[in-house]
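The following briefing is meant to be read beside the sequence and the model. Topics are grouped so that each can be checked in turn.

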Amino acid sequence: MKTQAGRRLCRIVLAATASLSLAAHAGDEKDDKKKDCDPPDNRNPVSRTYGKSTVAMAWSTTRDVGSRLYRHRAGIGPGSQLVEQAAPAQSSGAKGGMSAKASAVSVPKMNRWEVYGSLFYYTDNYDDGDAVGGTLFNDSSFELAGGNLGLEYRINQNWSVGLGVTAATGELDMNLIGSADVDSVSVNPYVTYYRPDTFGSADLWAGLMYGYGMHSYESRRFTGAGLASGSPDAETHTVELTAGVNFGDDDFVHGPYGGLRYITGTIDAYTEVGPGATFFGEQDVDSLVSILGYQVSWKIRGGRGYWVPTLRAAWEHEFEDGNVTALGIPYSAADEDVGAVGAGIAYWWDSGWHVGLEYEGRFGSETEAHYGAVTAGKEF
C-alpha cells in the first residue's frame, strides 16, 4: 500500500510539474508572437533618408548652373556680333585734305549678356544595407524634376558673373516605411574665370558658386498603428569651387579638372499627426566632397554654327565620416567614393543661340543616380 500510494503521489507531482511547464512555455510563445507582431522602430531610417535626400536636392538644384562648367571644359568663349562704327576719315586730294564723307566698317563686339534655362530630371536609388530594422528599410528611391532660369554678365574676356534660380518637385519612396512629397527652390549666384594661354598654350578656367536652398517635405510614415504625417522644412548652403586646364586647339580640347563641394544644412524639428505620431528633433546634414576628373570635347562645324560633343569621367570622395546623429543614433553618410561619368552634346549658332542635352551617372556601393537635362540660352 505504501508503495502504491507513493507511486500515485509521484505521478500527481510529475503531472502538475508538466502542466506548469507547458503553461509557462505557452505564455513565452504568446509574448514572442506579440513581439513579432509589433512594428519595428523606423524613426531613425526615416531621418537618415531625409538627410540623404536633402543633400541630393542641394546637389541636383545647383548642378552646373547656366552650363558654365560645360562651356569651360569645352573651351567655349563668349560669342560676338558685328556692329558698325565710323571708320577714320581718309585723306584725299593732292594737298592732303580730308574727305568729307566718312565710311563705316563692321567690327566684332563681344556678347556681354546671356539668358539661359534648363529642364532636368534626377533619380537616385539607395541600398542602405546597414539600416536599422533589417531588410524593411534597405531600399529607397528619390525622384526630382525641375527647371532653372538665369542671367549672366561678362565683365570682360576673362571674368563673368551670373545668377540662377531653380525650382523642383518630386517624391521620396521609403519602401515599407512610407513616402514623402518634396519641393525645392534654390538661388545660385556664381563667378567664373577663363584665361587662354596661361601655361604656354594651355588655358586655365575656374568657377565659384554659392547656392541657398529651401526644401519642404510632406511625409507619410507607417507606424504600425496607422499612417502618421508630418511637414518638415529644410535649408541648405552649397559652396562649390571647380578649376581645370584645357589642352589642345579650337577643334579638340581635353584636360583635367578638380574641385571641392561643401553642403551643409538643417532639417527642422517637427511633430507628426495621426496614429502613432511622434516628435522628430532637428537634424544637421553635412557633405564635403573632392572631385577629380578628366574630359574631352571637340567641335564640329555645322551650317550656321557648330556642334560640341563632350565626354568626362570623375572620382568623387566624401570626407564626412558619418558622425551625424538622428534621434541620438549615429548613421552613415553617403558613399565614401563615387564614380561619375558624363556626356553631352550642344549646338551653338553664330547668332548667339545654343541648345544642348546633358547626362550624368553616379555610381557608388550604396547609391546609383542619374541626371538628365535639356538646356538653352541666348547671348546678346
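Leu-292 counts as exposed at 53% relative accessibility, where exposed means over 50% relative accessible area, buried means under 20% and partly exposed lies in between, with a 1.4 Å probe and protein chains only. This is a predicted model, in which local features need pLDDT of at least 70 and side-chain atom pairs count only at pLDDT 80 or more, while totals for chains, interfaces and linings use all residues. Residues are numbered from 1 along each chain as its sequence is written, and side-chain values use heavy atoms, with hydrogens and water left out.

**Surroundings of Leu-292**

- Leu-292 is placed in strand β15, residues 283–298; strands (E, at least two residues) and helices (H or I, at least four) are DSSP runs, numbered from the N terminus.
- Leaving aside residues up to four places away in sequence, Leu-292 touches Tyr-257, Gly-258, Ala-313, Ala-314 and Trp-315, a contact being heavy atoms within 4.5 Å.
- From C-alpha to C-alpha, Leu-292 and Ala-313 are 8.6 Å apart in space, although 21 residues separate them in sequence.

**The chain as a whole**

- The protein chain has 3 helices and 22 strands, and 42% of its 380 residues count as buried.
- Among contacts between residues at least 6 apart in sequence, 66% join residues at least 24 apart.
- The accessible surface of the protein chain comes to about 19,500 Å², of which 60% belongs to carbon and sulfur atoms; accessible areas come from the Shrake-Rupley method with a 1.4 Å probe, and for residues only the protein chains shown count as cover.

**Salt bridges**

- A search of the whole structure finds 18 salt bridges, each defined as a side-chain nitrogen of Lys or Arg within 4 Å of a carboxyl oxygen of Asp or Glu.
- Asp-350 and Arg-301 meet through their side chains in one of these, at 2.8 Å from N to O. Because Asp-350 lies in the loop between β20 (337–349) and β21 (353–363) and Arg-301 in strand β16 (residues 300–301), the pair ties together parts that are 49 residues apart in sequence.
- Asp-350 is partly exposed at 45% relative accessibility, whereas Arg-301 is exposed at 55%.
- Asp-64 forms a salt bridge with Arg-68, with the closest N and O atoms 3.9 Å apart; Asp-64 is buried at a relative accessible area of 8%, and Arg-68 is buried at 3%.
- Arg-362 and Glu-360 are both buried, and they form a salt bridge whose closest N and O atoms are 3.3 Å apart.
- Salt bridges that share partners join Arg-63, Asp-64, Arg-68, Glu-240, Arg-261, Arg-312, Glu-316, Glu-358, Glu-360 and Arg-362 into one network.

**Surface patches**

- Patches are made of residues with over 30% relative accessible area and no salt bridge, like charges being joined within 9 Å and nonpolar side chains (Val, Leu, Ile, Met, Phe, Trp, Tyr) within 5 Å.
- A negative patch is formed by Asp-183, Glu-218, Asp-233, Glu-235, Asp-268, Glu-282 and Asp-284; Asp and Glu count as negative and Lys and Arg as positive, while His and the chain ends are not counted. The place of a charge is taken as CG of Asp, CD of Glu, NZ of Lys or CZ of Arg.
- Within strand β11 (residues 233–248), Asp-233 counts as partly exposed, at 39% relative accessibility.
- A nonpolar patch on the surface is formed by Leu-119, Ile-300, Trp-307, Ile-345, Leu-357 and Val-374, which together have about 550 Å² of accessible area.
- Ile-300 is found in strand β16 and is partly exposed, with a relative accessible area of 41%.
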